[in-house]
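Here's a quick tour for anyone about to work with this protein. Take a look at the sequence and the fold, then read on.

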Amino acid sequence: MAKGSDKVAAGRRDFLKLAGVSAVTGTAAVAAGSVAAEAAAPVEGGAGYQETDHVKTYYKLAAF
Amino acid sequence: MGEAKLALPVSEEDVLRANLYRLLAATLRAGPSRQDLGMFADMHGDDTPIGQAVSAITRVAAKSSPEEVSREFHDLFIGVGRGELVPYGSYYLTGFLHEKPLARLRNDMSRLGIERRDDVAEPEDHIAALCEMMAGLIVGDFGEALDLEEQKKFFQAHIASWAKHFFTDLEGARSSVFYACIGQLGAAFMDVEDQAFLMV
């Protein structure tokens, strides 16, 4: 999938490594947990997200 | 590293980026459960800005109850009338909900095959929704994984202009304790994303 030269892609990956993206452990479990929580609710058309409580605040904000 | 179900060659670093976006999305969508807090308390970071923010989340998660964090979430985003922060791109960029930034996002979502769930009533430019979309585009939840040039376009069009500002506000918000660490992580991660996309 990666476009552009391999060198550029490799440079970017090295940068991300140095920036701490890959030095963080445990995020996979968190991410997997978040996906599992979404999958538990019925999802139509692929992309699922929900922010139930936000709806109420949104309506309040939209009302002015 | 998991995600073995993906046949597409998404690099390990990109999977980790998606994980960070999902972590941000999960905590900004609703207050974390006890189980979530347990998982947060199990993370480890190094001494980079991202790693330090993760370590801060770990420390605070270990000492917080879901009730405390839920109250914090409520004060920050729900409030009486409104919360301390309004986490929508359109609001950050124009001062109003439902303005042009949201219309532009909807155009791109439709082009990329992303749909809002029927049971979600609020606009799609919520920070949690955008983080979830980025994660999905990186690993291919919505079809094929998006190449870096397309990821860059999406990021620059809908996230770069305001997300760092939002995360910095979250870090400094009066009601923030656990969420100050989430803000710290988000701000550090947006800096890294910004710079990494300059290499694309």
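Among contacts in chain B between residues at least 6 apart in sequence, what percentage join residues at least 24 apart? The figure is 67%. Keep in mind that this is a predicted model.

Chain B is built from helices: there are 10 of them, and 0 strands. With 200 residues, a compact globule would have a radius of gyration near 16 Å, and chain B agrees, at 16 Å. Its C-alpha atoms fill a box of roughly 40 × 40 × 30 Å along the principal axes. Buried residues account for 56% of the 200 in chain B. As for the surface, chain B exposes about 8,300 Å², with 49% of that supplied by carbon and sulfur atoms.

Now for the cysteines. Searching the whole structure turns up 0 disulfides over all chains. Why don't B:Cys131 and B:Cys181 bond? The sulfur of B:Cys131 has its closest cysteine sulfur in B:Cys181, and at 16 Å that is too far for a bond; the cut-off for a disulfide is 2.5 Å. Both cysteines are buried, as the table shows.

| Residue | Relative accessible area | Closest cysteine sulfur |
|---|---|---|
| B:Cys131 | 3% | B:Cys181, 16 Å |
| B:Cys181 | 7% | B:Cys131, 16 Å |

One more residue to look up is B:Asp191, which sits in helix α10 (residues 178-198) of chain B. B:Asp191 is partly exposed, with a relative accessible area of 32%. Its side chain makes a polar contact with the side chain of B:Lys164, at 3.1 Å. B:Asp191 and B:Ala160 are 31 residues apart in sequence, yet 9.2 Å apart in space, C-alpha to C-alpha.

Key:
Residues are numbered from 1 along each chain as its sequence is written. Chains are lettered from A and ligands numbered from 1 in the order in which they are written. This is a predicted model: local features need pLDDT of at least 70, side-chain atom pairs count only at pLDDT 80 or more; totals for chains, interfaces and linings use all residues. Side-chain values use heavy atoms; hydrogens and water are left out. Buried means under 20% relative accessible area, exposed over 50%, partly exposed in between (1.4 Å probe, protein chains only). Helices (H or I, at least four residues) and strands (E, at least two) are DSSP runs, numbered from the N terminus. A polar contact is a pair of N or O atoms within 3.5 Å; within protein, one must be able to donate a hydrogen and the other to accept it, and residues adjacent in sequence count only if both atoms are side-chain atoms. The radius of gyration is taken over C-alpha atoms; the globule rule is 2.2 Å times the number of residues to the power 0.38. Contact means heavy atoms within 4.5 Å. Accessible areas come from the Shrake-Rupley method with a 1.4 Å probe; for residues, only the protein chains shown count as cover.
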